[in-house]
Amino acid sequence: SICIFFLMIRRPPRSTLFPYTTLFRSQQAEIDLNNYNKIYYDSLRNGFWLATNKMGFVFFNPEKDFFHEYNFFINNKDQKIHATGFYVEGDIIWITSDGGGLFSFNVLTKQMKNFSLPVKAGEDSLKINYLNVIVLNPVRHDLIIGSQNSGVYSFDTDLEEFKAIPYLNASGNSEKVRVKDFAFQGKKLWVATYGGLTTLNLRSERFGKFYERENKIHYSLTTNRLTSLLLDANQNLWIGSLDKGLDVYFPTRFKFPVLYPQNPGSRFSALAMIQINRNYVMVSLDEESVALWNIKKNKLTPLRNNPAYANLHASVLSMVRDEDSNIWIGTGGGGLQRVDFKRTELKTVLNTVSPVGLRTILSIYPEKGDSILWLATFGGGLVRYNKLTGQYSVYNEANGFSSGKIFSVTGNNSDRSEEHTSELQSHSFISYAVFCLKKKINDYHLRFPQLITFSYPCT
């Protein structure tokens, strides 16, 4: 039999976390009842609403080890309708189903109401009313519902009416109507379908463009058949698929948006951008090094056209400007480069160091009022680089990191009368860490950084 496990976390003394696992199972010997497809936690009732392989849905109270089964009230008794998703609004539970449309269930009165999508002549009602996912639009306070066969709808709970939300461009892939999951990000909703990825503006409830798999472009989605979405604390969008594993959308390094130069037949992906002055933006182009973008003329000029910068690395992943107006460039395998526009010079360092992971720099943070650059590398850990001396120190698994693959590094500084405290934050492949860097103003000697496992303020 297939059973479900709930991972429960208890916080004992000294803030140490010891996970333990408890198995809960219905006493009824029914395989379908113990096969759970979706779980929704109800904090008001301190329990879980479960979608099972049996008709209807189940409420489970883990404290009392109690299961309560509910059936859908529908006219056709021969239809086998299962729950597919839940949204809890006080004492009202909104439930999507695989053929019966939308249901509302009053926990106090046990009354249930059914709302079905309109069906045209010749259409299959079960197919049209197969709904997969439901969320509340926090801006307009209506429900957003994704269906299996007919796209996305809004539902006004006061008027009890459905409204179809058409895609910006529904032509091409017919699988776009199969909506599988939602993920909120600010005022927009990411929508995963079997036809690719798109966004919904929550204020206007209008869709943006579709992102799809493009066979000739290696940095597009690996597949259009998407099944699940998760937005993590660093605003990275993790995308689960039916047949190609896991994709991830890094807002700071992913290939969106696309920058189009003058030639319509050619397009480049902007991986990083930094403003040089009021007229120019420096743009890193995937496998095409960097270019200067004239804002007023909307003209893109590759910087390697200038002989002084001909040795710029082709793969540029990160850029930052220091207090001396130099541009520091993190490359994909070519180390660290410095562009000095005042002297028209290019300098390359860390391009021959070992391990090779040190040569791929995903993020750069210049420490304020000092000659230090902090580098997040892909496999080489976190690097402290002195711009003046060229010396560097590496912090990796030996210093407490769970991975040497550091995706991002940032920091903040605060001045005090007796002490200057800098907090440096880094996000690695499977963890998040904070460095506390303490130094006296009068001698500027940096003590060895202390690695803290959680995001506590530096004191």
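Predicted model: local features only at pLDDT ≥ 70, side-chain atom pairs only at ≥ 80, totals over all residues.
Let me start with a term.

Glu212 has a partner. Which residue forms a salt bridge with Glu212? Lys176 does, with the closest N and O atoms 3.5 Å apart. Lys176 lies in the loop between strand E14 (161–165) and strand E15 (179–185), and Glu212 in the loop between strand E18 (206–207) and strand E19 (226–231), so the pair ties together parts that are 36 residues apart in sequence. Now the lysine side. Lys176 is buried, at 4% relative accessible area.

On to the other bridges. The count is nine salt bridges. Arg45 and Asp91 make one of them, at 3.2 Å, N to O. Arg45 is in the loop between strand E3 (36–42) and strand E4 (47–52). Asp91 is in the loop between strand E7 (83–89) and strand E8 (92–97). So this pair ties together parts 46 residues apart in sequence.

Is Arg45 buried or exposed? Buried, at 19% relative accessibility. The cut-off is under 20%, so Arg45 falls on the buried side. Asp91 is partly exposed, at 30%. Asp42 joins in too: Asp42, Arg45 and Asp91 are linked in a network of salt bridges.

Another bridge: Arg338 with Glu345, closest N and O atoms 3.8 Å apart. Arg338 is buried, with a relative accessible area of 18%. Glu345 is partly exposed, at 35%.

Next, charges over rings. Look at Tyr194. The charged end of Lys180 sits over the Tyr194 ring, 4.9 Å from its centre. Arg225 also lies over the face of Tyr194, at 4.9 Å from the ring centre.

Last, the aromatics. How many aromatic pairs does the structure hold? It holds 22. Take Phe57 and Phe105. Their ring centres are 5.5 Å apart and their planes are at 70°, so the pair is edge-to-face. This pair links distant parts of the chain: Phe57 is in strand E5 (residues 57–61), Phe105 is in strand E9 (residues 102–106), and they are 48 residues apart. Phe57 is buried, with a relative accessible area of 1%. Phe105 is buried, also with a relative accessible area of 1%.

Both belong to a wider group. Ring pairs link Trp49, Phe57, Phe59, Tyr70, Phe72, Phe86, Phe103 and Phe105 into a cluster.

Conventions
Residues numbered from 1 in each chain as written. Heavy atoms only, no water. Phe/Tyr/Trp six-rings, centres within 6.5 Å; stacked < 30°, edge-to-face > 60°. Helix = DSSP H or I, 4+ residues; strand = E, 2+ residues; numbered from the N terminus. Buried < 20%, exposed > 50% of the residue type's maximum accessible area, 1.4 Å probe, protein only. Lys NZ or Arg CZ within 6 Å of the ring centre and 35° of its normal. Salt bridge = Lys/Arg side-chain N within 4 Å of Asp/Glu carboxyl O.
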